[in-house]
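Trainee: I would like to go through this model term by term. Please set each value against its cut-off.

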Amino acid sequence: MDVALDVVEGQPGSSNVRLVNAEYKVNKSLLLPPERRSADIRLVARHTDVYEPCDDSYALVDALLADRANLCELHPSICLEVGCGSGYVITSLALMLSDLKDTRFIATDISKSAVETTRLTLEAHNVNADVLVADLVSGIDTHLAGAVDLLVFNPPYVPTPDDEVGIGGIASAWAGGHKGRIVIDCMLEIVDSILSPKGWFYLVTVAANCPGEICQIMRRKGFASRIAIQRSTEEESLHVLKFWRDASNEASDSSNPVSPSGRTSFMQRSLPHHLSRLVSFKPT
Ligand SMILES: C[S@@+](CC[C@H](N)C(=O)[O-])C[C@H]1O[C@@H](n2cnc3c(N)ncnc32)[C@H](O)[C@@H]1O
């Protein structure tokens, strides 16, 4: 097996973990404090072809953590992560919603190595999810139709030549084609069909993806949006966008989007415009 856990015997906090020929025994109840709400980076499995948790992964988990009380209230029946990579996000989600009964966690990735790595990460944290190799949700789309209450996606968003998209290996983790949008746009096409009436969708984007334009596309499909988290580094400006069905169900009417909690804010009313201004801002 070519998957290795990022854990060695004797590491702080992991003295009850032992690696033996890539197999491991974990006294999980001792390893993780009961209040743990996100995956322990030391227990995240690694593989040379699999994306390691990075700023974008942390931003997505932080956005979910910030919304945790609302997520508990939403009480999702099915939570789906597309493009699970190392398993850091789906494991964190399963941990932060572990108080909920009857919530099922599903994760997909186009990479077999990512699926294997995610399974190891979940197991190391003593949480469960069904993890499948799939191009987005192909093969399970009919099963998931209208049933996903929580959908999360940290996509390959880096602008590249189109022919680099889907070539396999670690490039699948970042190669996004024109404007970094090829895989994102495929995802936008299917959100409406798999999300439940009360469903929420969290999407990681960078400025090059034109997040304001993404919000406009989703608005035309009947979704309201807000920025769950915005982070800027020297290299990129990250946004975690949150989408939900606009309660007024007036897809083309931008005048009065309503939040899941029933509140309407200036930010929600003007998000696409606000985003287009944000992403064109360049610090000097
Ligand atoms: C930026 S990485 C994110 C990994 C992980 N979710 C995280 O946040 O650390 C993007 C992931 O999407 C996967 N991916 C790319 N194209 C995909 C597709 N068409 N269907 C499913 N997964 C895909 C990649 O293999 C990679 O694991």
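Trainee: What makes up the shell around the ligand, by class?

Mentor: The shell has 14 nonpolar, 8 polar and 3 charged residues. Ala, Val, Leu, Ile, Met, Phe, Trp, Tyr, Cys and Pro count as nonpolar, Asp, Glu, Lys and Arg as charged, and the others, Gly among them, as polar. Note that this is a predicted model: local features need pLDDT of at least 70, side-chain atom pairs count only at pLDDT 80 or more, and totals for chains, interfaces and linings use all residues. Residues are numbered from 1 along each chain as its sequence is written.

Trainee: How many residues surround the ligand, and which are the closest?

Mentor: The shell holds 25 residues, with Ser57, Gly83, Gly85, Ile110 and Asn154 the closest. The test is a C-beta atom, placed from the backbone, within 6 Å of the molecule. Two or more residues each come from helix H2 (55–66), helix H4 (88–96), strand E6 (104–109) and helix H7 (171–174). H2 gives the most, with 3 residues.

Trainee: What makes a run a helix or a strand here?

Mentor: Both are DSSP runs, numbered from the N terminus: helices are H or I with at least four residues, strands are E with at least two. On that basis the protein chain has 11 helices and 11 strands.

Trainee: Why are E7 and E10 said to stand at the edges?

Mentor: Start with the sheet. It is open, with 7 strands in the order E7-E6-E5-E8-E9-E11-E10 and mixed pairing. Strand E7 (130–133) and strand E10 (223–232) each have a single partner strand, so one side of each lacks a neighbour in the sheet. The twist averages 15° from one strand to the next. Angles run from 0 to 180 degrees between N-to-C directions, and axes are lines fitted to C-alpha atoms, for helices over the stretch in contact.

Trainee: How do you know that E5 and E8 pair?

Mentor: Pairing takes at least two DSSP bridges between two strands. Strand E5 (residues 78–82) and strand E8 (residues 148–153) have 4 bridges, in the parallel sense. They therefore meet the definition of a pair. Leu80 stands opposite Leu151 in E8, and Glu81 has Val152 as its bridge partner. E8 also pairs with E9 in the parallel sense, over 5 bridges. There Leu151 stands opposite Phe201.

Trainee: Why is E8 called largely enclosed?

Mentor: 6 of the 6 residues of E8 are buried, so the rest of the structure largely encloses this strand. Buried means 20 or more other C-beta atoms within 10 Å of a residue's own, exposed 12 or fewer, and partly exposed in between, with C-beta atoms placed from the backbone. Buried residues make up 44% of the 284 residues in the protein chain.

Trainee: What makes Ser172 buried?

Mentor: Ser172 has 23 other C-beta atoms within 10 Å, so it passes the cut-off. This residue lies in helix H7. Leaving out residues up to four places away in sequence, Ser172 touches Ile110, Ser111, Pro156 and Gly166. Contact means C-beta atoms, placed from the backbone, within 7 Å.

Trainee: What is the confidence of the model?

Mentor: The protein chain averages a pLDDT of 83, and 75% of the residues score at least 70. pLDDT is the predictor's confidence in each residue, from 0 to 100. Over residues 1–30 the pLDDT is below 50, and this stretch has 46 contacts in the model beyond near neighbours in sequence. Residues 276–284 are also below 50, with 6 such contacts.

Notes. Two residues are in contact if their C-beta atoms, placed from the backbone, lie within 7 Å.
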